[in-house]
Amino acid sequence: MRHHDHGKPTAHGQPPEVWTGRAHNRVQWVLAVAGAACLALGVDLAVDSPWGSGLAPLLMSVIGCVTAGLLMLFGTLAFVHVAVRVDDEVLEVRCGHIGLPRRRIPLSDVVHADVAHKVTPCQWGGWGYRWRPEKGTAVVVRRGEGLVVRLGDGRVFTVTVDDAEAAVRVIRDRLRLIAARASQV
C-alpha cells in the first residue's frame, strides 16, 4: 500500500490511500529525564542508605521516589510524540514510542472534521490525553495546530498534529465518498 504524507489527491482525483502525520514535543524529554532522576534517586536510597535512621522513613522515601520517577517517566514518554493515520475506514491516533494510549475512530462515526489553529495545553488542563466535559477529548503533545473531529453521538476529539489541514482534507474527502456510497445503496 502506498503512503501519502501530505493529503494530496492521486492522479485520478481520489484522496490518498493513507494519510499520516505526526507532532513532537521535545519539552517532554526534559520531564522524562527528571522522572529517570527520581527513579535513580529511589534506587540509590534503597541500595546505599544506612538502615540506622529508621526503616519506615527509608521505605517511604524509596517508594515515593520510585513511584514518582516511574509516573513521570512513563507519563511523559507516552506523550513525546503522536502519530495520526487516516485510511479508508479509520482515524487512528497512537501516542509515544509504543503506541499507547491509542484511539481508533471509524470514519463512519465522524460527521465533521476541522482545523484548530491554536491548541494549547492551557485549554485542556495540560499535556497528554485529556478530557474536558465542555470540550471533549484531546491528545495534546504540543502547542499549535490540531485536527478536530465531531462524531455522530455529539462527542468531539482533538489531536495536535502537523499539517492538520491536509488531514482535514483527506477526512472530508473520505466522508464524501462514504456518503456517495450510502446514497447508491
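Arg-155 comes out as partly exposed, at 48% relative accessibility, and it pairs up with Asp-153 in a salt bridge whose closest N and O atoms sit 2.7 Å apart. Keep in mind that this is a predicted model.

**Salt bridges**
- The count comes to 10 salt bridges.
- In the Asp-153 and Arg-155 pair, Asp-153 is exposed, because its relative accessible area of 51% is over the 50% cut-off.
- Glu-92 is buried at 10% relative accessible area, while Arg-94 is partly exposed at 31%.

**A link across the sequence**
- Asp-162 and Arg-142 meet through their side chains in a salt bridge of 2.9 Å, N to O.
- Asp-162 sits in the loop between β9 and α4, and Arg-142 in the loop between β7 and β8, so this pair ties together parts that are 20 residues apart in sequence.
- Arg-142 is buried at 12%, whereas Asp-162 is partly exposed at 37%.

**Helix α4**
- Helix α4 covers residues 164–184, and its end C-alpha atoms are 30 Å apart, which agrees with the span its 21 residues should have at 1.5 Å a residue.
- Its buried residues include Val-168, Ile-171, Arg-174 and Leu-175.

**His-81**
- His-81 belongs to strand β2, which covers residues 81–86.
- His-81 is buried, with a relative accessible area of 9%.
- Its side chain makes a polar contact of 3.3 Å with the side chain of Arg-22.

Notes. Residues are numbered from 1 along each chain as its sequence is written. This is a predicted model: local features need pLDDT of at least 70, side-chain atom pairs count only at pLDDT 80 or more; totals for chains, interfaces and linings use all residues. Side-chain values use heavy atoms; hydrogens and water are left out. Helices (H or I, at least four residues) and strands (E, at least two) are DSSP runs, numbered from the N terminus. Buried means under 20% relative accessible area, exposed over 50%, partly exposed in between (1.4 Å probe, protein chains only). A polar contact is a pair of N or O atoms within 3.5 Å; within protein, one must be able to donate a hydrogen and the other to accept it, and residues adjacent in sequence count only if both atoms are side-chain atoms. The expected span of a helix is 1.5 Å times one less than its number of residues. A salt bridge is a side-chain nitrogen of Lys or Arg within 4 Å of a carboxyl oxygen of Asp or Glu.
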